[in-house]
Amino acid sequence: MTSFYVSLREGIEFSVILLLLVGVYPHHKKRLIVSALLIACGGALLTAFNFPLSGFLRKAFTGLLFPSFVLLLFLSFMSREGIIYPLIALVLTVLLPSAELTSVVLEEATLKGRWPVLSGLAGLLVAGLFFMTGLSFLKRIKMKQFFRTDGVMVFLASFCFVFGGLDEFDASSIITVLQQGLYRLLQSFVPFIEERLLIPDGKMVVTFVSEVFGYLSSQRVAMALAACILFLPPVVAFVRLLLTPEPETDAIGKRAEKRKIVAVYIDYLMKKGTPLALSLAVGIVLLHSANLAVRPTYDPEPIPVVSEGDAIAIPLKDKFGDISDGRIRKYSFLSGGKTYRFFIVMRPDGEVVAVLDACEVCPPRGYVQRGDHVVCTYCNTPMPIQTVGRPGGCNPIPVPYVVQGDTLALSKGALITAHEKQAGKETGSVLR
Amino acid sequence: MRILRFIISGGIAPALVLILAATYVFLTIRSETPWGAMAVLLKDHVIVRGTAVLLSLHLFLKGVHRLWRGRTERAASSILLVSLSLFLAGILVSLTSREVESKRLSPSDGPFREMKLLEITAVIPEKALVIGETTDFTIKGLTAKIAEAGETVTVVPFPFRRTSSGYVYVNDGGISPSLDLRIGSEKSTISKLDLLPPGKKAEISVPSRHTLRVSLSAEREFKKGRLTAREYNLLFPAYDVIVKEGERVVVETSIREGEKVSHEDFLLQCGKTEPWVELVVVRDHAVVLLYGGIIGLVVGSLLYPVEFIRRLRRKLPSEAVESNTENSGTR
């Protein structure tokens, strides 16, 4: 069934893009369909001849994808009908990996000795039916009323950002990859320019200008540039739309006629603005997820611990690492059929603290670490690690402990009491 | 005239940009340091270099042409175009014509080119604190006084100074002991070691089977929790010295000015600690172009949004009328 779902999904993705293009540019219908079929077959053949993918081809695909997406977005600045040809070429370039992916999955499934070719073909057939049905609907919808040429490109780029490209290969969003590509460029280009402008790069000499250049080659600037690339075209298209002058109605005598003209104008703005607003929303979501991906969270598996009498002893340096690395270390303690989770961390001031993997406010979903913060996985509130160990709010609940040499010891009773107290509060808040 | 028209024509810029962008994309696939590889191509490869030259020429002529025709309403984009061309030209000229020489110097050294370092002034704190592996220690107010062609010139890290040797600036600085080394009958002096920020180790291969490792010695060590902080005295510094024979440590000690370390035929004497600066002399005709280009790009980028909105407002009525008419017709 995998091959059925994969070919169906890729086929539908292909069809949606093609339907949009055919809907907005009906006079290019034949050319669009023929070229799409050619590219689909080309992608499949290319993969078939080059299976498993050679390093260069794979790198070339990823290398080609950035400029394709970026160019697609920036072509939206030139809202002319003539742009349809480069647009077709670009969209198809972006779609090429879809055809390739389908082919790869089919090949892999074949190796497993099932019936992948037939089920894959069945998936493609269903996608084909979806496309034919869509084509007949298109005649009624009149897509042109929703899109100007810039809108088409911005919308298509957003669609490809979400469903296409690298995401399917290595589970990293295209924006993260774009950011990393830009970061790589900045990392070498900025020092090059710094050197050409005779700005010192010695470690002991820090000037204002060298600090500015240091900032320019940071991850943050790379992300800001990626955001500009992502948002500039839809924002410009939006501004263009909003600056569309209101129709002249002063010369028209009848009020009904005036209202009708204004209604047409508003309708025009609403219809053409909707895809752009959607694209912007998609962009914001993608940027947020990419931002999180750049600063990944750290959520270690809890290490089971046992007690000796009432004491639970945690070594601060063992095979799981050294606590001075600043990372949180989670532990689970099993008692009376219940699991009590807690974590320890070394704060930037050098103090090791032990806290429950829960706060007083939220249901006990635990915490993850993101850089210098721990983040509550229930309410997503980030707390600086420096404040861990302080009670109240969404801070993790402190547990009494002592540090003796290289061991942190806490009381089993105190741990259970703190946990029960939290559980009681939570039930209380739910009941209220 | 035809060539000029061809260079200035609208279609050429996207083609040239596309060639350069494609080259960079190709290099991202092939090389781990794509910009470094691109710089090499810009310097040596006829086609890549020719494309960049043509692009620079196109941008310059296009910008000047606009201003020449009195299109002041597009002044911002003209400034951007001209500045970009200057910047690009600057990079190309700099890649081929730049000559760089640098040397670590202390006042006791002889002349470097025609320059003699007279004095180094710097604000070096008496104590430096390193917590864990991190420190915010830097040298402030680093200044080198040099004598060149009978004139005394003060050189700082930024801005650079123009002298008869070229552009001169201080790239780095530090403090280092002068170590007199004697192995058998052979004598040598080691100085201007890179020992800052405190904790940094300088590894020196000496002409024998020995290896020498020198670093600043911490005066005090604090512990809070599991975090360690080290305090270094920079006014009267002590140095940790490790002498290795192959992989075997034969001497491990701490020495100050005037003290000695010896092992068999190996003798090391610690001399006076003195500051040093890394002086860089650059000869490059493109520095003016690069700075002109950057300033123009900043000014142009600030002005451009105003020009863009104005142009859009002027352009839109005609497009909107067409669209509205078309829309009304479909209703």
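Predicted model: local features only at pLDDT ≥ 70, side-chain atom pairs only at ≥ 80, totals over all residues.
Residues are numbered from 1 along each chain as its sequence is written, chains are lettered from A and ligands numbered from 1 in the order in which they are written, and side-chain values use heavy atoms, with hydrogens and water left out.

**Stop 1: strand β7 of chain B**

Select residues 166–183 of chain B, which make up strand β7. Helices (H or I, at least four residues) and strands (E, at least two) are DSSP runs, numbered from the N terminus. In β7(B), 15 of the 18 residues are buried (under 20% relative accessible area, with a 1.4 Å probe and protein chains only).

**Stop 2**

Two strands pair if DSSP finds at least two bridges between them.

- Select residues 161–163 of chain B: this is β6(B), which pairs with β7(B) in the antiparallel sense over three bridges. The two strands form a hairpin with two residues between them. T163(B) has G166(B) in β7(B) as its bridge partner.
- Select residues 186–190 of chain B: this is β8(B), antiparallel to β7(B) and joined to it by five bridges. D180(B) is bridged to T189(B) of β8(B). This hairpin also has two residues between its strands, and G184(B) takes a positive phi near 65 degrees in it.
- Select residues 266–283 of chain B: this is β16(B), antiparallel to β7(B), with 15 bridges joining them. Here P177(B) is bridged to T273(B).

**Stop 2: where chain B meets chain A**

Now show both chains. In contact (heavy atoms within 4.5 Å) are 53 residues of chain B and 46 residues of chain A.

On the side of chain B that touches chain A, the elements that give two or more residues are α2 (12–30), α3 (34–44), α5 (75–97), β7 and α6 (287–330). Of these, select α6(B), which gives the most, with 16 residues.

Conventions
Buried < 20%, exposed > 50% of the residue type's maximum accessible area, 1.4 Å probe, protein only.
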